[in-house]
Amino acid sequence: MNLNRYASPSIFYPLAGRLVPVFAALAAALAAAGLYIGFFVAPTDFQQGEGYRIIFIHVPAAWMSMFIYLVMAFWSAIGLAWNTRLSFMMTRALAPTGALFTFLALWTGAFWGKPMWGAWWVWDARLTSELILLFLYMGYMALQAAIDDPRRADRAGALLNLVGVVNVPIIYFSVVWWNTLHQGASVSLTRAPSMAQTMLWGMLVMALAAWFYTLAVAFARVRTLILAREQRAQWVRQMEHEA
Amino acid sequence: MLSFVYTIVRREIVLATRRRGDWLTAQFFFVIVASLFPLGIGAEPETLRAIGPGVVWVAALLAALLSLDRLFADDHRDGALEQLMLAPYPHALLAFGKALAHWIVSGLPLIVIAPVLGLQFDLPPAALLALVASLALGTPVLSLLGSIGAALTLGLRGGGVLLALLILPFYVPVLIFGTGAIGGVLAGTGAEANLSLLGALLALTLLLAPWACAQALNVSLE
Amino acid sequence: MPSASRAESVPVLVAAGLACERGERRLFEDLDFELSAGEALLVVGGNGHGKTSLLRILSGLSLPAAGEVRWRGAPIRAVREDYGRALAWLGHADGIKADLTPLENLRFAAALRGRALDDAAAHRALDRVALARCAELPARVLSFGQRRRVALAALTLADARLWILDEPLAGLDAQGVDMVQALLDAHLAGGGLAVVTTHQRLALGACVPRTLRVGAC
């Protein structure tokens with residue numbers, strides 16, 4: 001199959017090298033456009049004032065944090081099933097970015113919550129699940145850091161991701177269940193009362209920017225991982241020789 | 001097949017009785033952690049009743065974790081784990097036997113001690129019953145999920161702390177449903193809904209965890 | 001007996017194109033051998049050349065980076081449980097639980113292989129490795145060499161066709177070394193197979209072990 005060709009690190013390395021600047025430029029342009037929409041085009045919310053504008057960071061970050069976890073689980077499954085090294089490297093390269101977005105979502109959530117609810121932190125179901133998601137990312141990265149043998153690190157991390165992805169819906173359900181029992185804050189960030197069309201557009205553009213940023217950063221990281229792991233391979237030596 | 005699981009469980013229990021000190025430590029840890037909370041928070045009966053279920057359950061989570069990092073580590077160190085892995089039975093059975101043994105050795109005693117701790121927190125008899133029932137359904141899940149973490153962190157530096165970091169997030173649903181059952185009794189809505197959810201969780205974990213743990217053992221021993 | 005000689009020449013354990021990687025380093029590759037009934041393979045090579053790694057691959061504890069191991073013609077992954085019954089493994093760590101007595105160790109070892117073990121047989125096995133007097137002591141008080149002997153007793157009770165022994169002579173005194181050689185001789189004479197690593201000389205009676213050098217790849 002043609003796609004298989006790209007699963008080889010020696011093919012993927014130069015390809016990713018060409019793609020990283022493209023993705024980075026796209027991310028920068030989209031972020032500029034998204035922020036422009038967010039700050040200048042979108043109207044001031046009549047209930048929440050200017051403070052609501054943080055959702056242009058918060059919501060895309062929250063989306064990405066969950067999406068990246070799913071993508072990691074996907075690559076983990078592929079890696080375990082077909083033993084493709086590149087899949088494991090993708091998983092590993094995505095984790096810090098996923099954790100970053102999770103942290104960003106929590107941080108901006110706190111900034112948003114202070115003026116809205118008068119508290120930096122509320123035990124809202126979404127915020128709580130996001131916090132647990134951050135723990136899951138941290139666990140994955142800690143496990144990777146603790147294992148020296150790359151093969152074991154790859155496979156153990158992948159297995160942990162699969163256990164995680166089975167558990168995430170259960171955790172989310174349990175947290176929602178807990179939240180309804182304890183009647184905590186039921187205000188949620190995305191349930192803004194009047195979501196203007198421009199606000200939605202702003203968030204979508206920002207989400208795309210975050211998506212391209214993730215691609216750029218993950219590919220750059222995969223490139224360094226490939227170099228670190230294949231330093232003895234023929235093609236890497238040849239490349240060094242040519243440089 | 002069953003005799004293999006039985007052999008593993010019997011072996012773990014014999015080994016635990018030879019090291020009674022280690023075994024008692026985990027049980028005392030449970031009691032001490034739970035007893036510290038009233039000292040930190042205050043002893044008004046209202047407060048105690050409110051925090052009691054959560055405190056006992058969190059202490060149970062921590063006590064289960066305490067003995068988990070040795071689940072495979074001892075056998076790994078003296079080479080017995082290799083013999084277990086080469087035994088002519090599916091690895092999932094080995095994982096299941098190990099988790100079952102862990103539950104018998106460290107989960108069952110918690111269930112027996114918990115009502116006494118519940119009394120410390122001024123829980124009424126119906127709530128104590130719910131506490132025991134929720135622990136009976138929940139602690140096997142702790143052992144099963146924990147066995148995956150123990151297998152993944154086998155032989156790593158800082159294995160115990162890492163194990164806690166990996167596994168505690170997965171314990172969240174057990175904690176919520178477990179305390180929810182007791183809270184339901186206290187609030188007068190009954191424990192059935194939460195206990196059913198715990199039961200469903202136990203069924204799912206029984207199905208998947210031994211398999212995942214077996215895979216993790218294979219990865220870690222390579 | 002023509003049928004017997006034909007059966008003997010059929011390779012029972014086959015390694016085909018094995019390669020092993022540790023970290024990013026390739027320890028060996030394209031390693032092939034065939035072993036028939038009554039044959040022993042002596043694996044030699046320097047420290048860190050992959051002797052233990054090869055043994056772990058042969059036992060099925062590790063996966064090779066390439067190639068496969070076949071038992072009676074089938075890949076060992078496919079017949080793992082049959083292979084487990086046919087295989088006895090003695091690694092660097094002997095797998096003897098310090099909290100159990102030698103007798104209990106033997107009983108559990110047999111039970112984990114799905115075999116019942118009567119006391120008489122266990123005592124006989126311990127007697128064979130000159131440990132009859134220590135049968136009821138906790139293994140913790142035994143010396144390293146004595147624990148190794150308990151592991152050897154377990155080996156003789158395993159009723160396994162294939163022995164994979166990693167440094168079986170390590171930590172044994174002269175009498176213990178003779179004992180291992182005698183056990184191996186008896187095992188091979190009964191049609192068994194053995195794969196052994198050792199740094200010491202192994203003097204086997206009837207069978208001249210084949211030698212396989214690993215590493216330097």
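Among contacts in chain C between residues at least 6 apart in sequence, 70% join residues at least 24 apart, a contact being heavy atoms within 4.5 Å. The model is predicted, so local features need pLDDT of at least 70 and side-chain atom pairs count only at pLDDT 80 or more, while totals for chains, interfaces and linings use all residues. Residues are numbered from 1 along each chain as its sequence is written, chains are lettered from A and ligands numbered from 1 in the order in which they are written, and side-chain values use heavy atoms, with hydrogens and water left out.

**Chain C**

Chain C contains 7 helices and 9 strands. Helices (H or I, at least four residues) and strands (E, at least two) are DSSP runs, numbered from the N terminus. The C-alpha trace of chain C spans about 50 × 45 × 35 Å along its principal axes. Its radius of gyration is 17 Å, which agrees with the value near 17 Å for a compact globule of 217 residues. That radius is taken over C-alpha atoms, and the globule rule is 2.2 Å times the number of residues to the power 0.38.

Of the 217 residues in chain C, 53% are buried. Buried means under 20% relative accessible area, exposed over 50%, and partly exposed in between (1.4 Å probe, protein chains only). The 26 positive and 24 negative charges of chain C have mean positions 1 Å apart. Lys and Arg count as positive and Asp and Glu as negative, with His and the chain ends not counted. The place of a charge is taken as NZ of Lys, CZ of Arg, CG of Asp or CD of Glu.

One residue of chain C can be described in more detail. Ser59(C) belongs to helix 2 (residues 51–59) of chain C. Ser59(C) counts as buried because its relative accessibility is 3%. Leaving aside neighbours within four places in sequence, Ser59(C) is in contact with Leu86(B) from chain B and with Ile76(C), Tyr83(C), Leu87(C), Trp89(C) and Ile164(C).

**Chain B**

Chain B has 10 helices and 0 strands. Its C-alpha atoms fill a box of roughly 55 × 35 × 30 Å, taken along the principal axes. For 222 residues a compact globule would have a radius of gyration near 17 Å, and the 18 Å of chain B agrees with this. Buried residues account for 57% of the 222 residues of chain B. In chain B, 82% of the contacts between residues at least 6 apart in sequence join residues at least 24 apart. The mean positions of the 10 positive and 12 negative charges of chain B lie 10 Å apart.

The average pLDDT of chain B is 93, and 100% of the residues score at least 70; pLDDT is the predictor's confidence in each residue, from 0 to 100. Within chain B, confidence is lowest in helix 2 (residues 20–41), at a mean of 89, and highest in helix 7 (residues 125–152), at 96.

Two residues of chain B follow. Glu12(B) is in helix 1 (residues 2–18) of chain B, and at 14% relative accessibility Glu12(B) counts as buried. Apart from residues up to four places away in sequence, Glu12(B) touches Asp75(B), Lys98(B) and Ala101(B). Pro169(B) is in the loop between helix 8 (159–167) and helix 9 (172–187) of chain B. With 5% relative accessibility, Pro169(B) is also counted as buried. Not counting residues up to four places away in sequence, Pro169(B) touches Ala164(B) and, in chain A, Ile132(A), Phe135(A), Leu136(A) and Ile171(A).

**Surfaces of chains B and C**

Accessible areas come from the Shrake-Rupley method with a 1.4 Å probe; for residues, only the protein chains shown count as cover.

| Chain | Accessible surface | Share of carbon and sulfur atoms |
|---|---|---|
| Chain B | about 8300 Å² | 72% |
| Chain C | about 9500 Å² | 51% |

**Chain A**

Chain A averages a pLDDT of 86, and 90% of the residues score at least 70. Over residues 184–193 of chain A the pLDDT is below 50, and this stretch has 18 contacts in the model beyond near neighbours in sequence.

Trp120(A) sits in the loop between helix 4 (85–117) and helix 5 (125–146) of chain A. Its relative accessible area is 48%, so Trp120(A) is partly exposed. Not counting residues up to four places away in sequence, Trp120(A) touches Ala110(A), Phe111(A) and Lys114(A). Trp120(A) and Ala218(A) are 98 residues apart in sequence, and their C-alpha atoms are 31 Å apart in space.
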